[in-house]
Amino acid sequence: MIEISDLQKIGIGLAGFGIFFLFLGMLLLFDKGLLAIGNILFISGLACVIGVERTMRFFFQRHKVKGTTAFLGGIVIVLLGFPIFGMIIESYGFFALFSGFFPVAINFLGRVPVLGSLFNLPFIQKVR
């Protein structure tokens, strides 16, 4: 089992709250305050989980420039007061940055007891 430090536990909580606030901000008709809080919490949680240096290295890799520009640009646009347009750009950047992580996350979720049975349904396995 991998040891998780207290800082990483805090980071998981921050990232989780960030995703929650982003979801809540979109649910409440793109409330720019909630979206801004969600963005800040998500990025700070990511920095706590993997470290500040590795976060910088992740975002500023040469082949991820388009995704990083779109993600961070979307956050700036949300903070400037254009939440719908900013979230569209930010979503593109998020998928461009984290697309390599999705298969790992799906395989992990397939091993979780309750979710694993859902991921083993025939029509979902075709998508996997």
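Is Phe71 buried or exposed, and what is its relative accessible area? Select Phe71 and you will find it buried, with a relative accessible area of 3%, where buried means under 20%, exposed over 50% and partly exposed in between (1.4 Å probe, protein chains only). The model is predicted, so that local features need pLDDT of at least 70 and side-chain atom pairs count only at pLDDT 80 or more, while totals for chains, interfaces and linings use all residues. Residues are numbered from 1 along each chain as its sequence is written, and side-chain values use heavy atoms, with hydrogens and water left out.

Colour Pro83, Gly86, Met87, Glu90, Gly93, Leu97 and Phe98, the buried residues of α5. They cover an arc of only 130 degrees around the axis, which puts them on the same side of α5, the arc being that of the directions from the helix axis to the C-beta atoms. On the face turned away from this buried side, look for the exposed residues Ile84, Phe85, Ile88 and Phe95.

Finally, show the aromatic rings, of which the whole structure holds nine pairs (rings of Phe, Tyr and Trp, its six-membered ring, with centres within 6.5 Å; planes under 30 degrees apart are stacked, over 60 edge-to-face, the rest tilted). The centres of Phe58 and Phe59 lie 5.4 Å apart with planes at 75 degrees, so this pair is edge-to-face.

Notes. Helices (H or I, at least four residues) and strands (E, at least two) are DSSP runs, numbered from the N terminus.
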